[in-house]
Amino acid sequence: MVAKKFVVDLNKPLVFQVGHLGKAYEEWVHQPIVSKEGPRFFQSSVLEFFTRTAWWVIPVVWVPVASWFISNSVKVGLTCPHVAMLVVIGIFVWTLAEYLLHRFLFHVKTTSYWGNTLHYLLHGCHHKHPMDSLRLVFPPAAATLIAFPFWNLVKLVCSPSTAPAVFGGVLLGYVTYDCTHYYLHHGQPKTDVPKNLKKYHLNHHYRAQNYGFGITSPLWDKVFGTVPPLSKGDAKRR
């Protein structure tokens, strides 16, 4: 007897449904629904509230935190040029972290009930509903869970005086990433650089989900060989 294929009811809260897709989840989540109206995640209004975050919350919350960390390196006597260099290093480190997180965590392959459910909450929802503006940036509570291991890692490899400035740079890199990500979906760029970046990212969503993991830059895609292959149209133009 053939088991009946599970069908997600888009008119009901989604989070506790998607786990039942099993092996079909990967295909389902990469069939985008292009609508500005986001789906309901939870029956509970309280849980539902915490799944929605406006883009401007990210700089409002994290720029002051980054500034506080950076100021701690200044307070212990590091010069401004030294601190500025450490912040730039932190931003650069974030670009690598952004790539690795996106490629290996956000695009992890899952088939189990809880694996599918957690992946949908983490990143799958964004691929299924890429124009849902209130679920495009990371809620601060979720970002904090990722920030703590980063801070501990930075403290491990840096001295007590330099670690705060490097971590402040990492946080500024994160803010740039999330705001850029929002803009690539909802902004209307007028110049070549953001236009190309928007095209590069939307290509990741709609044509080549296993390529193009860089958001703020394609640098690490070039380093690790995950630049999307040219479409037929692009190849002809070349």
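Axes are lines fitted to C-alpha atoms, for helices over the stretch in contact, and angles between N-to-C directions run from 0 to 180 degrees. With that in hand, welcome to this predicted model. Helix 8 and helix 9 have axes that come within 9 Å and cross at roughly 85 degrees.

**Helix 8 with helix 9**

- Helix 9 covers residues 192-206, and helix 8 runs over 163-186.
- Angles from 65 to 115 degrees count as roughly perpendicular, and helix 8 and helix 9 are therefore roughly perpendicular to each other.
- On the helix 8 side, the contact is made by Thr180, His181, Tyr183, Leu184, His185 and His186. Helix 9 brings Pro194, Leu197, Lys198, His201, Leu202 and His205.
- Sorted by class, the contact of helix 8 with helix 9 has five nonpolar, six polar and one charged residues.

**Helix 4 with helix 8**

- Helix 4 and helix 8 pack with their axes 7 Å apart, at an angle of about 160 degrees.
- An angle over 145 degrees counts as roughly antiparallel, so helix 4 is roughly antiparallel to helix 8.
- The crossing of helix 4 past helix 8 is left-handed.
- From helix 4, the residues that meet helix 8 are Ile58, Pro59, Trp62, Val63, Val65, Ala66, Phe69, Ile70, Asn72 and Ser73.
- Their counterparts in helix 8 are Pro164, Ala165, Phe167, Gly168, Leu171, Leu172, Tyr174, Val175, Asp178 and Cys179.
- This contact of helix 4 with helix 8 counts 16 nonpolar, three polar and one charged residues.

**Helix 4 with helix 7**

- Helix 4, residues 57-75, also packs with helix 7, at an angle of about 25 degrees and with the axes 12 Å apart.
- Angles under 35 degrees count as roughly parallel, which means that helix 4 is roughly parallel to helix 7.
- Helix 4 and helix 7 make a right-handed crossing.
- Val57, Val61, Trp62 and Phe69 of helix 4 make the contact with Pro140, Ala143, Thr144 and Trp151 of helix 7.
- Of the residues in the contact of helix 4 with helix 7, seven are nonpolar, one is polar and none is charged.

**The largest cavity**

- The volume of the largest cavity is about 180 Å³.
- Its lining has 15 residues, and those nearest its centre are Trp94, Leu101, Ala143, Ile146 and Tyr174.
- Ala143 is also part of the contact of helix 4 with helix 7, and Tyr174 takes part in the contact of helix 4 with helix 8.
- Helix 5 (80-105), helix 7 (140-157) and helix 8 each give at least two residues to the lining of the largest cavity. Helix 8 has the largest share, with five residues.
- The lining of the largest cavity has 14 nonpolar residues, one charged residue and no polar ones.

**The largest pocket**

- Among the 30 residues lining the largest pocket, Phe50, Thr51, Leu121, Pro139 and Ala142 are the closest to its centre.
- Two or more lining residues come from each of helix 3 (45-49), helix 4, helix 6 (113-128), helix 7 and helix 8.
- Helix 6 supplies the largest share of the lining of the largest pocket, six residues.
- By class, the lining of the largest pocket divides into 23 nonpolar, five polar and two charged residues.

Definitions and conventions:
Residues numbered from 1 in each chain as written. Predicted model: local features only at pLDDT ≥ 70, side-chain atom pairs only at ≥ 80, totals over all residues. Heavy atoms only, no water. 1 Å grid on protein atoms, 1.4 Å probe; cavity = no way out; pocket = protein on both sides within 12 Å on 5 of 7 lines; lining within 4 Å. Points joined across faces, edges and corners; volume = space filled by probe spheres on them. Helix = DSSP H or I, 4+ residues; strand = E, 2+ residues; numbered from the N terminus. Nonpolar A, V, L, I, M, F, W, Y, C, P; charged D, E, K, R; others polar. Left-handed = near helix turned anticlockwise from the far one by under 90°. Contact = heavy atoms within 4.5 Å.
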